[in-house]
Amino acid sequence: MKFAYRFSNLLGAVYRQGNLNFSKDGNTVISPVGNRVSVFDLKNNTSETLPISTTKNITCVGLSPDGNLAVVVDEDGAALLISLLTRAILHHFHFHKPVSSIRFSPDGRKFVVTKENVALMYHAPGKQREYNAFVLDKSYYGPYDETTCIDWTDDSKCFVVGSKDMSTWVFGAERWSNLIYYSLGGHKDLIVGCFFEKDSLDLYTVSQDGTLCIWESDTELDGLILKRSQDNPKPLRQREEGEEEGEEEEQQEGEVIRGKAELPKENKMKNVRYKQLSKHFFNKEGDFNHLTCTAFHKPTHILVTGFASGIFHLHELPEFNLIHSLSISDQRIASVAINSSGDWIGFGCSGMGQLLVWEWQSESYVFKQQGHFNNMASLAYSPDGQYIVTGGDDGKIKVWNTNSGLCFVTFTEHTSSITSVTFTSSGFVIVSASLDGTVRAYDLHRYRNFRTFTSPRPAQFSTLAVDKSGELVSAGAQDSFEIFLWSMQTGRLLEVLGGHEGPVSGLCFSPVQSILASVSWDRTVRLWDMMDSWQVKETIPLTADGLSVTYRPDGQELAVATLNGEVSFWNPHTATQTSSVAGRHDLEIGRKETDKITAKQSAKGKSFTCLCYSADGESILAGGQSKFVCIYNIKEQMLMKKFEISSNLSFDAMEEFLDRRKMTEFGSLALVDEGAGDGDGINISLPGVRKGDMSSRHFKPEIRVTSLRFSPTGRSWAATTTEGLLVYSLDGSMVFDPYDLDMDVTPVSIRKQLRLQEWASAIILAFRLNEKALKQEVLETVPHEQIPVVCSSLPDIYVEKLLGFVAACLEKSGHLQFFMTWAQNLLMLHGQKLKNRSGAILPTLQALQKSIQRHYDNLTKLCDFNMYNIRYTVALSKQRGVKRAAEDELEVEEEEEEEDDEGLVSEEMSEASFGDAEMIVS
């Protein structure tokens with residue numbers, strides 16, 4: 001099996017912090033999620049996470065006007081220039097200080113970055129290749145405190161910067177004689193937003209205490225006069241107090257413009273001046289006194305303001321008319337954005353991890369997604385690989401569509417943390433176990449909780465398993481050391497299995513027999529026979545406490561992870577050990593900031609906590625308390641590949657050695673509490689604490705993998721981590737993997753066979769070379785009527801390969817009938833031989849089923865929609881005929897009677913359409 005898996009999508013988290021952006025066409029939201037960027041297509045209802053990541057959480061994203069480029073800046077000021085077309089990183093840059101906002105000019109030639117109290121204007125990268133993509137043009141000083149927001153005029157001549165010192169500064173992007181800088185006051189709190197009016201220098205400024213100031217300029221944009229070099233031979237720095245600074249700084253900072261609170265000296269021409277037209281307050285009742293974010297749509301003059309209470313307002317400016325007000329959350333709204341048409345408003349709530357898109361005219365949600373509030377604890381794939389269910393510490397169960405990457409249903413019945421979730425074999429029932437003492441079953445047809453299983457005495461369930469038939473549900477308790485068995489049909493408790501002397505840490509049913517394997521901290525694995533009155537069939541002794549157990553897909557092998565960092569493999573029929581893998585060193589544990597021992601020492605107590613077999617059973621996936629997921633080959637007992645699931649240094653325990661810059665003479669900086677007077681410093685977290693001390697001032701979540709699952713199709717695997725639900729997919733473009741290659745197998749010889757119409761030999765040669773584009777070209781060249789003949793003449797070994805390729809093509813291709821014909825003929829002509837090897841080709845068949853099911857769902861919706869439209873059109877045409885007849889009869893009648901008759905006809909139409917609706921419902 002090949003391991004060319006690469007990161008494909010991040011599910012379970014839609015927004016963390018930073019600013020939201022809409023694409024140029026207004027149909028896509030670009031949202032920062034931790035140290036990654038997710039793109040949500042609102043029109044097609046899909047999500048995609050870009051294959052780029054920063055070293056720390058992203059704080060701001062700047063989008064170019066054409067929508068092709070984005071500048072992403074993290075907490076430390078490290079910036080990436082990204083192409084949104086190719087999804088590639090074009091340039092790395094470091095601003096060396098945290099950046100509060102970034103904004104491109106409307107003409108796309110410049111962009112302004114605000115850090116500390118400086119606004120830096122850079123030349124925007126162009127289409128030609130450059131050694132340094134970020135060239136500093138000018139540095140603007142003026143505010144005394146940190147800058148918070150930026151806005152440009154429509155013609156890119158000037159920009160405005162808001163600051164925490166309650167002042168707003170207007171700067172000229174060029175050397176204007178009558179506008180170099182201008183400082184505006186009038187507020188009593190920090191500036192949250194400042195906006196230019198459309199095609200004007202008039203300004204709106206909004207502060208945190210809920211105050212809006214409207215400023216009018218005495219000059220239009222056309223009135224700005226470009227300074228000629230002979231007017232003022234000295235550079236613009238002549239107005240500054242620090243003229244004695246050397247030339248070196250000027251070269252480093254570009255052209256420096258230092259503004260002062262008083263007006264610039266009068267030149268021969270009149271300078272631009274502002275006056276305050278009016279001042280408006282949001283908090284008339286005292287409810288809206290903490291404004292957190294704002295956005296302004298210039299063409300429609302609509303101002304959106306978000307508050308810490310989760311309420312947002314829509315106002316029309318400059319009259320300040322309230323359009324509407326709504327509460328969308330009980331948490332602080334962190335970011336607001338309006339799309340280009342002004343119809344959709346995007347909201348990000350960092351506290352709840354919510355992303356909402358609101359259509360204000362129809363007052364309805366276009367998009368509403370929320371991740372798990374806390375960490376995810378467990379995940380499971382549906383049997384066809386189309387859905388993923390996750391359970392979190394927030395007590396919620398969410399079901400995600402793997403194609404769209406979006407959550408389509410959330411169950412909230414549990415009152416405590418979810419410990420385990422799984423699908424039944426039908427794929428329409430989800431079962432979950434929780435620490436609240438219940439196991440619940442959910443129906444995916446009606447989206448309801450139809451069964452609740454409980455124990456005679458309250459118990460906290462830590463693990464869960466459902467048998468192949470979906471009839472038996474078992475759950476292990478971590479406090480009573482017992483295993484409970486229920487019937488899915490009746491909901492009754494069938495048996496309580498006792499015998500373990502420690503908490504039950506893992507359960508797994510055999511895929512082929514009615515045998516339940518349980519592993520416990522008492523260093524044993526017990527195999528329970530479900531057919532023989534639930535007796536213990538075998539007891540397997542382990543060398544250390546058992547943490548996880550799983551069966552191979554064919555049921556012929558059992559894998560157990562133990563506390564000493566080993567993964568052992570057992571034959572369940574003979575209860576003998578076949579092999580083992582020592583994986584403690586492969587975990588590569590990082591050192592936490594508050595650890596007083598090295599990572600090498602702490603690794604001695606770490607181990608794998610979750611295991612999962614690959615779809616073909618040849619390798620095993622293992623993860624635990626580290627940032628690595630390991631794939632082992634079972635037969636060779638060797639590590640095949642390690643995946644680093646995150647490079648985000650905002651998490652704890654990411655690096656093996658502590659940063660030397662954070663070391664002091666008293667030890668690590670994290671162990672020195674600046675606020676403690678006579679204490680002994682920071683309290684060290686207790687051994688076994690999973691999530692760190694939430695009460696400490698600086699809480700950093702620790703990186704860990706809580707659950708792993710391979711997709712039944714074998715083409716992807718997923719992991720629930722501190723970062724979210726990460727999906728890794730097989731990428732065919734990464735690997736050249738020919739089969740039975742020799743000198744004659746070339747693209748030229750394959751195309752020659754096509755010209756000779758030797759279809760079967762062309763397909764065989766294409767699969768020997770194994771290039772995806774070439775295989776697709778050969779397959780699509782075969783005439784439709786020749787497909788049965790070609791399928792019947794293919795050797796058996798190529799039938800499986802072709803079936804797998806058809807399944808992959810069917811998922812993406814628009815040639816639905818063509819590839820369905822290939823699949824049907826392959827299955828009909830080679831069905832018996834394929835059945836004999838059903839275990840080996842099961843992932844291929846499941847991939848095929850997933851593709852067909854997806855197209856079936858899409859076409860069903862489309863056909864139903866068309867059918868209802870046709871019925872409606874037919875009903876309408878009948879009513880139009882009735883209306884014309886009525887008009888002919890009443891030609892000479894008076895106008896009032898005609899109006900009455902039209903009313904009667906409209907009543908008849910509504911009755912007919914109502915009758916038609918009844919017909920459709922029936």
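H91 touches A79, L80, L81, Y131, N132, A133 and F134, leaving aside residues up to four places away in sequence; a contact here means heavy atoms within 4.5 Å. The model is predicted, so local features need pLDDT of at least 70 and side-chain atom pairs count only at pLDDT 80 or more, while totals for chains, interfaces and linings use all residues. Residues are numbered from 1 along each chain as its sequence is written, and side-chain values use heavy atoms, with hydrogens and water left out. H91 sits in strand β9 (residues 88-94). Strands (E, at least two residues) and helices (H or I, at least four) are DSSP runs, numbered from the N terminus. With a relative accessible area of 14%, H91 is buried, a label for values under 20%, whereas exposed means over 50% and partly exposed lies in between (1.4 Å probe, protein chains only).

Next comes strand β7 (residues 69-74), where 6 of 6 residues are buried. L69, V71 and V73 point one way, A70, V72 and D74 the other, and all are buried. Strands count as paired if DSSP finds at least two bridges between them. β7 pairs with β6 (residues 58-63) in the antiparallel sense over 5 bridges, and V72 is the bridge partner of V61. The hairpin of β6 and β7 has 5 residues between the strands, and G67 takes a positive phi near 80° there. β7 is also joined by 5 bridges to β8 (residues 78-83), again running antiparallel, with S83 as the bridge partner of L69.

After α4 comes Q757, with a positive phi near 60°.

The largest nonpolar core has 38 residues, and I763, L779, L802, F819 and W822 touch the most other members. Such a core is a set of buried Ala, Val, Leu, Ile, Met, Phe, Trp, Tyr and Cys residues joined through side-chain atoms within 4.5 Å. Helices supplying at least two residues each include α4 (747-755), α9 (816-836) and α10 (838-889). Apart from this core lies another, of 23 residues, among them L10, V33, L621 and V705.
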